[in-house]
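Thanks, everyone, for making the time this morning.

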Amino acid sequence: TSSRGYAAISRRDLLRSKASNDGSENQKTLMHVMNGMVSHGCLLVDLSDKGSNPESAIAMSNMWSATQKFFSDPETQLPGYSNSQNGVKVMETRLDRETGAVLPSELASIVGEKGMESLGAG
């Protein structure tokens with residue numbers, strides 16, 4: 001723990017519901033975030049809220065697993081996918097506003113249903 005930004009901040013402290021009564025950012029939270037970014041260029045976020053909410057950390061882990069599975073497939077040919085000459089790979093995904101489904105649906109052929117669920121978790 002440090003006053004210079006290395007202390008992790010709980011995920012719940014970053015929620016909009018934690019804003020001040022007037023709608024402005026909570027000053028303690030804002031200073032923690034700014035100090036971490038200015039001092040270190042990063043912010044450590046405890047997704048499990050000190051172990052009380054492991055589901056958020058599991059969801060993030062599943063999302064990264066699906067992403068890794070997708071980008072490690074050398075045969076990827078999907079709408080919204082590009083692989084530049086310098087090795088940068090991009091996959092544009094979006095959520096259907098009516099159904100909440102991840103698009104393009106063809107992505108499921110690579111990451112599977114669990115992967116699709118994790119990419120849509122939010």
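I will begin with the charged contact, then turn to the aromatic rings, the surface and finally the backbone.

Please keep in mind throughout that this is a predicted model. Let me start with a question: how many salt bridges does the structure hold? There is one salt bridge, and its partners are Arg11 and Asp49, whose closest N and O atoms are 2.8 Å apart. Arg11 sits in the loop between β1 (9-10) and α1 (27-40), while Asp49 sits in the loop between β2 (45-46) and α2 (54-71), so this pair ties together parts of the chain that are 38 residues apart in sequence. The two partners can also be described by their accessibility: Arg11 counts as partly exposed because its relative accessibility is 23%, whereas Asp49, at 3%, counts as buried because the limit for that class is under 20%.

Let me stay with Asp49 for a moment and look at the backbone. Its phi is near 50°, which is a positive value in a residue other than glycine. Lys50, which is likewise found in the loop between β2 and α2, also has a positive phi, of about 60°, although it is not a glycine. In terms of accessibility, Lys50 counts as exposed, with a relative accessible area of 71%.

Lys50 takes part in a positive surface patch, which it forms with Arg12, Lys18 and Lys28. There is also a nonpolar surface patch of about 280 Å², made by Leu30, Met34 and Val38.

Now to the aromatic rings. A pair of aromatic rings is described by the distance of the centres and the angle of the planes. The count comes to three aromatic pairs, and I will describe two of them. In the pair of Phe70 and Phe71, the ring centres are 4.8 Å apart and the planes stand at 85°, so the pair is edge-to-face. In the pair of Phe70 and Tyr81, the centres are 5.5 Å apart and the planes are at 80°, so this pair, too, is edge-to-face. Which parts of the chain does the pair of Phe70 and Tyr81 link? Phe70 belongs to helix α2 and Tyr81 to strand β3 (residues 81-83), so to speak of distant parts here is to speak of two residues eleven positions apart. Taken together, Phe70, Phe71 and Tyr81 form one aromatic cluster.

The C-alpha atoms of Ser82 and Glu92, which are ten residues apart along the chain, are separated by 8.7 Å.

My last item is again a backbone one. Where is the cis peptide bond that I would like you to look at? It joins Leu103 and Pro104, with omega at about 0°, and Pro104 has its place in the loop between β6 (102-103) and α3 (108-120).

Terms used: Residues numbered from 1 in each chain as written. Predicted model: local features only at pLDDT ≥ 70, side-chain atom pairs only at ≥ 80, totals over all residues. Heavy atoms only, no water. Salt bridge = Lys/Arg side-chain N within 4 Å of Asp/Glu carboxyl O. Helix = DSSP H or I, 4+ residues; strand = E, 2+ residues; numbered from the N terminus. Buried < 20%, exposed > 50% of the residue type's maximum accessible area, 1.4 Å probe, protein only. Phe/Tyr/Trp six-rings, centres within 6.5 Å; stacked < 30°, edge-to-face > 60°. Patch = residues over 30% accessible without salt bridge, like charges linked within 9 Å, V, L, I, M, F, W, Y side chains within 5 Å. Areas by Shrake-Rupley, 256 points an atom, 1.4 Å probe, with all protein chains shown as cover. Lys, Arg positive; Asp, Glu negative; His and termini not counted. Charge placed at Lys NZ, Arg CZ, Asp CG, Glu CD.
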